[in-house]
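The numbered paragraphs may be read alongside the sequence and the coordinates.

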Amino acid sequence: MADQENCVRVTRLAKKRAAEAMVQHLQQPNKKRVVLGEIRNLSNQIQMFDSEPLKPKCNKQTTKRKVKRSVSVKEREFREEDVDSKLDDDPQMCSAYVSDIYEYLHQMEIEKKRRPLSDYLEKVQKDVTANMRGVLVDWLVEVAEEYKLLSDTLYLAVAYIDRYLSIKVIPRQRLQLLGVSSMLIASKYEEIKPPRVEDFCYITDNTYTKKDVVKMEADVLQSLKFEMGNPTTKTFLRRFTRVAQEDCKNSNLKLEFLGCYLAELSLLDYNCVKFLPSLVAAAVIFLSRFTLQPKLHPWSVGLEQNSGYRAADLKECVLIIHDLQLSRRGGSLVAARNKYKQHKFKYVSTLSSPLEIPDSFFEDTRQ
């Protein structure tokens, strides 16, 4: 009798699990697939793909998850090491040795093995151009949004792409494969629950098989000698954002989101590859402060001391990112612009900036 009851319980449990699995399967959102194919090299107009931009379906459940996720991401991205003495009592802020941490990161970012060649498109590649690279990165911004990936994952993926292209020659038909494989590696490095290989195959409309992606993943890892830990622009942006707000009682979310937006724009432009991540982060803060308060000097003594850069050191990088912000560069690459046009990012991509930055702002730093 007891055996019969146990059998009934097991059967009911199995049926319940099967029903739950079926419901979970039916509730999975349908990902829109994109084929970059043979990326065209056009100077005025870049055609990325014919299909509509990625628009994940939303329901009440996913909306709740998004709200919860956005809060957790914001906490992770902005509640980092703080230079403010008010946080000295919080051991999680690492205030006692934050200077040592960033000194180590500065040393790491200049290591040759972690840096791409500044002119790899001219010296190494034969079939890939700056426009093609921009199209790929723009698409990866959409992929990161589609799969709700951290911004650190996006920055790492782009760093892997640039480092790989500095070593290996690749035809344009395999550029998208390099992109998804690099994002797969970065996801495994940064994410708690990274997307599966099949997800990256699906998002390319199965242009590449699972075997193709895994093989390219192995090639990237071996080419980079498994040196996957890289300080990125995002790494330094967190610290510089805190320094920029050292005189503020409350955090300025608009400044933080504007910095994130401008930093992602910098990923699109091949001309920013030559700059160290810390310099790009400093230039982003300079331009963010100028955008929000164009009449005030955007650099300060505190920023100069903590970043190690004078305003004059930032001029070339600031002007490139400023052109990106005004769509004088990469105007047809709209993924980041659309992403930061949302309410949750305070519409920072719609903020206008003066057309010219006074030369005096690149001279001596003022308090």
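1. A residue is called buried under 20% relative accessible area, exposed over 50% and partly exposed in between, with a 1.4 Å probe and protein chains only. By this criterion Y347, at 40% relative accessibility, counts as partly exposed. Y347 belongs to the segment after α15 (335-339).

2. The model is predicted: local features need pLDDT of at least 70, side-chain atom pairs count only at pLDDT 80 or more, and totals for chains, interfaces and linings use all residues. Residues are numbered from 1 along each chain as its sequence is written, and side-chain values use heavy atoms, with hydrogens and water left out.

3. Overall composition. The protein has 15 helices and 0 strands; these are DSSP runs numbered from the N terminus (helices H or I, at least four residues; strands E, at least two). Of its 367 residues, 47% count as buried. Among contacts (heavy atoms within 4.5 Å) with a separation of 6 or more, 80% are between residues 24 or more positions apart.

4. Packing of α5 with α6. Two packed helices are described by the angle between their axes and the distance between the axes. Helix α5 (residues 130-146) packs against helix α6 (residues 151-165) at about 155 degrees, and the axes are 10 Å apart. Axes are lines fitted to C-alpha atoms, for helices over the stretch in contact, and angles run from 0 to 180 degrees between N-to-C directions. The pair is therefore roughly antiparallel, the class for angles over 145 degrees. The crossing of α5 and α6 is right-handed, that is, the near helix is turned clockwise from the far one by less than a right angle.

5. Residues between α5 and α6. On the α5 side R133, L136, V137, L140 and V141 take part, and they meet L154, V158, I161 and D162 of α6. This contact comprises 7 nonpolar, no polar and 2 charged residues. Here Ala, Val, Leu, Ile, Met, Phe, Trp, Tyr, Cys and Pro count as nonpolar, Asp, Glu, Lys and Arg as charged, and the others, Gly among them, as polar.

6. Packing of α5 with α11. For α5 and helix α11 (residues 253-268) the angle is about 140 degrees and the axes are 8 Å apart. R133, G134, V137, D138 and V141 of α5 meet E264, L267 and L268 of α11. The residues of this contact divide into 4 nonpolar, 1 polar and 3 charged.

7. Backbone phi. Most residues other than glycine have a negative phi. Which value does phi of Y347 take? It is near 55 degrees, a positive value in a residue other than glycine. K225, also not a glycine, has a positive phi of about 55 degrees. K225 is located in the loop between α9 and α10 (233-244) and counts as exposed at 68% relative accessibility.

8. Pairs separated in sequence. K210, in helix α9 (residues 210-223), is partly exposed with a relative accessible area of 44%. Leaving aside neighbours within four places in sequence, K210 is in contact with V197, E198 and C201. K210 and E198 are 12 residues apart in sequence, with 6.3 Å from C-alpha to C-alpha. A312, in the loop between α13 (301-307) and α14 (315-325), is 50 residues from F362 in sequence and 4.7 Å from F362 in space, C-alpha to C-alpha.

Key:
Angles under 35 degrees count as roughly parallel, over 145 as roughly antiparallel, 65 to 115 as roughly perpendicular and the rest as oblique.
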